[in-house]
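Student: I'd like to go through this structure with you, starting with charged pairs and then moving on to the cores and the pockets. Could you take my questions as they come?

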Amino acid sequence: MSEVRFGEFVMVRKAEQGHVAELALDRPKAMNAVSTEMARSIAAACEALGADREVRVTVLTSTHERAFCVGADLKERNSFTDAELVRQRPTARAAYTGVLELPMPAVAAVHGFALGGGFELALACDVIVADATAVVGLPEVSVGVIPGGGGTQLLPRRVGAARAAELVFTARRVEAAEARELGLVDVLAEDARTEALALAARIAANSPVGLRAAKRAMRLGHGLDLRAGLDVEDAAWRATAFSGDRAEGVAAFNEKRAPTWPGE
């Protein structure tokens, strides 16, 4: 198992010759509250993962026993002048955008509190796995701001406009069972990290070219009219149809063996 740290509060773990990377939030003294330094590290880790062609799936986890991430570091924010807050905004955005724009499938493993920016980090992933300890929500209006890490855009796409409005406007916290019922999380498991890593391993058995192209098609096509969406899909299909992965996948199917993906 290799481990690379990005600053003090973020690390990336990979099994030797493995295709699943674990991006672990590791600021236990602050329940993973996202400070400026931590935001910068999340963005840097995502940039490195995006460039790593060996990684087929990224799993976003926490090392804290009671929290995935409690959102922005409000103690730090309280010390900012208005000018400092403006200057910090691009750094904060880059962290959430970094997760959202990971080119490979991303799975969030939510254990404990995932609130505000913490839940937005999970929403930026493609699949959210949670366990019974999970408590999620976007409470930003209760402290005078709005969800600013993608929540006002990602939550309506996940649960619909009216449901998202109720959750954002009330700022309420939602526990695991209701979160699954409302579609705020996708999978309830006994252990979120274990299940998320197992799901990632199943995903990673598939073509890395196909996985990235499928994610790109779904992300770019969402919200377009059907004809435009199908054009997005066609472009993604063409990117895979003449790839080495496609040739290997067809050959392996016909030869009744597991494929060895070239990843190109």
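Student: How many salt bridges does a search of the whole structure find?

Tutor: This is a predicted model, and a search of the whole structure finds 15 salt bridges.

Student: Let's take arginine 5, then. With which residue does arginine 5 form a salt bridge?

Tutor: The partner of arginine 5 is aspartate 26, and the closest N and O atoms of the two are 2.8 Å apart.

Student: What about arginine 193, which residue does it pair with?

Tutor: Arginine 193 forms a salt bridge with glutamate 22, with 2.8 Å between the closest N and O atoms. This pair links distant parts of the chain, since arginine 193 lies in helix α8 (residues 192-204) and glutamate 22 in strand β3, 171 residues apart. Glutamate 22 is buried at a relative accessible area of 4%, whereas arginine 193 is partly exposed at 37% relative accessibility.

Student: Which residue meets glutamate 248 in a salt bridge?

Tutor: Glutamate 248 meets arginine 257, at 2.7 Å from N to O. Glutamate 248 is buried, with a relative accessible area of 14%, and arginine 257 counts as partly exposed at 33% relative accessibility.

Student: Switching to the cores now: how many residues does the largest nonpolar core have?

Tutor: The largest nonpolar core has 50 residues, and those with the most contacts inside it include Leu23, Val110, Phe119 and Leu184. Helix α1 (residues 36-51) supplies the largest share of this core, six residues.

Student: What does valine 110 touch?

Tutor: Leaving aside residues up to four places away in sequence, valine 110 touches a set that includes Phe68, Ala122, Ile128, Val136 and Ala192. There is also a second, separate core of 14 residues, and Ala192 is one of its members, as are Ala200, Ile203 and Leu211.

Student: On to pockets: what volume does the largest pocket have?

Tutor: The volume of the largest pocket is about 730 Å³. It is lined by 28 residues, and the closest to its centre are Ala72, Leu74, Arg77, Glu140 and Val145.

Student: Which element gives the most to that lining?

Tutor: That is α3, with six residues. Other elements that give two or more residues include α2 (74-78) and α4 (117-123). By residue type, the lining of the largest pocket divides into 15 nonpolar, eight polar and five charged residues.

Student: Then the second largest pocket: which residues lie nearest its centre?

Tutor: Nearest its centre are Cys125, Asp126, Met218, Arg219 and His222, from a lining of 20 residues. The second largest pocket has a volume of about 570 Å³, and α9 provides the largest share of its lining, five residues. That lining divides into 13 nonpolar, two polar and five charged residues.

Note on methods
Residues numbered from 1 in each chain as written. Predicted model: local features only at pLDDT ≥ 70, side-chain atom pairs only at ≥ 80, totals over all residues. Heavy atoms only, no water. 1 Å grid on protein atoms, 1.4 Å probe; cavity = no way out; pocket = protein on both sides within 12 Å on 5 of 7 lines; lining within 4 Å. Points joined across faces, edges and corners; volume = space filled by probe spheres on them. Helix = DSSP H or I, 4+ residues; strand = E, 2+ residues; numbered from the N terminus. Nonpolar A, V, L, I, M, F, W, Y, C, P; charged D, E, K, R; others polar. Core = buried A, V, L, I, M, F, W, Y, C linked by side-chain atoms within 4.5 Å. Buried < 20%, exposed > 50% of the residue type's maximum accessible area, 1.4 Å probe, protein only. Contact = heavy atoms within 4.5 Å. Salt bridge = Lys/Arg side-chain N within 4 Å of Asp/Glu carboxyl O.
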